[in-house]
Amino acid sequence: MTETPILFSIALLLPLSALLTVIQRNPYNALISRGVLGAVSALAYTSLGAADVAVTEALMGSLLIIVLYTIAVRSTMVIRLGVVRPQGTPSASVETVTAAIKAACRKKYLRFETTDYGMVEDAINALKNGDADILLGKSDAMVVFTDAAPEHPSGDAPVLVYRPAGLERFARRISMDTGVIAFRRPDTEISKGNH
């Protein structure tokens with residue numbers, strides 16, 4: 001009879017840790033609470049006398065799943081920004097937009113990587129190949145994208161070009177926050193790749 005309060009406490013921890021896992025906004029915190037859920041489950045199985053199920057839960061539910069999810073989250077939650085700087089000339093407006101993108105990534109728990117490109121052709125190839133998700137540069141450097149636009153921006157205005165792989169809302173938000181003009185690269189010109 002002394003086991004009943006212990007079992008009741010463990011049974012109460014199961015839905016609590018499951019709820020904590022579901023309501024987490026940060027994926028890394030969700031991974032930690034998922035590990036706690038697996039450990040509590042293993043403890044519940046052990047206290048009920050199912051040692052084989054407890055070992056399986058500890059190894060699969062806590063250890064293996066957490067490692068696999070960590071790898072998946074780490075590899076997919078990244079925004080790769082390609083900054084086009086012909087002759088390496090920095091631009092204050094481009095730096096402002098880069099800082100806004102970095103801040104937006106932080107809010108969404110995304111990693112942020114940036115690569116500088118000296119030639120627009122290299123940047124376009126990076127966008128086509130999936131090495132960059134967003135390109136940013138001054139209008140005069142990004143003329144390849146802005147020529148067909150109804151309003152051609154001035155030479156120092158920053159221009160944002162993004163892949164259509166789910167970045168439309170993100171690019172629109174950056175555009176509204178910073179005043180940068182955003183263009184979506186057409187689907188037909190981008191290889192589907194493994195992104």
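Here is a short walk through a helix, a sheet and the elements around them. This is a predicted model, in which local features need pLDDT of at least 70 and side-chain atom pairs count only at pLDDT 80 or more, while totals for chains, interfaces and linings use all residues. Residues are numbered from 1 along each chain as its sequence is written, and side-chain values use heavy atoms, with hydrogens and water left out.

Let's start with the sheet. Five strands form an open sheet with mixed pairing, in the order β2-β1-β3-β4-β5. Its edge strands, each pairing on one side only, are β2 (111–117) and β5 (181–184). From one strand to the next, the twist averages 25 degrees. (Strands are DSSP runs of E, at least two residues, and helices are runs of H or I, at least four, numbered from the N terminus; two strands pair if DSSP finds at least two bridges between them.)

Now look at β3 (residues 134–138). Four of its five residues are buried, so β3 is largely enclosed by the rest of the structure. Buried means under 20% relative accessible area, with a 1.4 Å probe and protein chains only. β3 pairs with β1 (residues 78–84) in the parallel sense over four bridges, and Leu-135 is the bridge partner of Gly-82. With β4 (residues 158–162), β3 pairs in the antiparallel sense over five bridges; here Gly-137 stands opposite Val-159.

Finally, turn to helix α5 (residues 120–129), where Val-120, Ala-123, Ile-124, Ala-126 and Leu-127 are buried. These residues cover an arc of only 160 degrees around the axis, which puts them on the same side of α5; the arc is that of the directions from the helix axis to the C-beta atoms. Just after α5, Gly-130 takes a positive phi of about 90 degrees.

Terms used: Buried < 20%, exposed > 50% of the residue type's maximum accessible area, 1.4 Å probe, protein only. Axes fitted to C-alpha atoms, helices over the stretch in contact; angles between N-to-C directions.
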